[in-house]
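Subject: Structure handover

Hello,

Here is the structure for you to look at. My notes come after it.

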Amino acid sequence: MNRLLNIVALLKAPPAATGRAPHPFRAIVDKEVSDHLRSWRFNILLVLILLTCFGSLYISVTNIGKAVKPDDPDGAFFFLKLFTASDGTLPPFHVLIGFLGPLLGISLGFDAINSEQNGGTLSRIMAQPIHRDYLINGKFVASLIVISVLFFALGFLVMGLGLIIIGVPPTAGEFLRIIFFILLNILYVAFWLNLSILFSVLLRQAATSALAGIAVWLFFTIFYQIIIKLVAKALMPSEMASGQAVLHYQELILNLFRIVPSQLFSDATTTLLMPSVRSLGPLTMEQVYGAIPSPLPLGQSLLIVWPQLTGLIASTVVCFALSYFSFMKREIRPR
């Protein structure tokens, strides 16, 4: 409740006290970042992510020798095994991020607007000479800064510990793939952040917006998969169907699965961290015949996952645009 009151006090401070009157947007971003870093919910999720990160790193390091096989096309990318190797005890790093990332985004944005309005601080900050869009943009930018710093720190932490433990430095291609993987993580969490901010704008109570965000996450994670499997079973072609009909059926089911952001994230991370992946869809015998099982360069892998990246970016922009326009037209007086 006191977050925006502190921003008002900072903006009202005379130039002699602060040295220079801060820009309203900068003041909002600085205060939101400070509040996120000092909040219990962020620190609890941070500890949980760190524990799973270290556990995944331990599992990958202990099984990295078994993961590299003589006929493995990805054997030359030894350092990427830190993010993908697992013995089944604990999922690999990118799978854990795909599971915990939505919770992080939802926790940072579910009470961005409605808690301030219920506390009466939103009307006070809007009474100052501050543009209304500064507030929602500042909250999004502050949360995005926290998410970016966290994932870059985690990524470089895994690389640093892996370098110390296995003693093999990453190649330039591996380093670039890890950087793009980190950026993809930030984009994926940013989608859930914008979705939670949207619920925070549309719903009055913070608990309701948190439950709405978690409900969407659970639906896409569990129930949507069950629905698509039932649809796939109902539409399954007969044994006498032609190969073209079977191919269309497989493409339809894959496209239905790719409506889910988590599936887009999983496809993109798998392609970036496993250079031997040459396609994310069904292949015909003509396409497979004569193909050499060799890893793809980074540019080709990015071309393969470009539709997934475009889908995630579009979903994130749509959620942010809806929350932005809803907030700009919303009545902010407390009830």
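Below is what was found, from the whole chain down to single pairs.

This is a predicted model: local features need pLDDT of at least 70, side-chain atom pairs count only at pLDDT 80 or more, and totals for chains, interfaces and linings use all residues. Residues are numbered from 1 along each chain as its sequence is written, and side-chain values use heavy atoms, leaving out hydrogens and water.

The chain has 16 helices and 0 strands. Both are DSSP runs, numbered from the N terminus (helices: H or I, at least four residues; strands: E, at least two). Of its 335 residues, 45% are buried. Buried means under 20% relative accessible area, exposed over 50%, partly exposed in between (1.4 Å probe, protein chains only).

Helix H11 covers residues 172-202. In H11, 24 of the 31 residues are buried.

The whole structure holds 6 salt bridges (a side-chain nitrogen of Lys or Arg within 4 Å of a carboxyl oxygen of Asp or Glu). Lys31, Asp35 and Arg38 form a network of them. Lys31 to Asp35 is 2.6 Å; Asp35 to Arg38 is 3.4 Å. Asp35 is buried at 12% relative accessibility. Arg38 is exposed at 58%.

Arg41 and Asp111 also pair, at 2.9 Å, N to O. Arg41 lies in helix H4 and Asp111 in the loop between H7 and H8, so the pair ties together parts 70 residues apart in sequence.

Best wishes

Key
Expected span 1.5 Å × (residues − 1).
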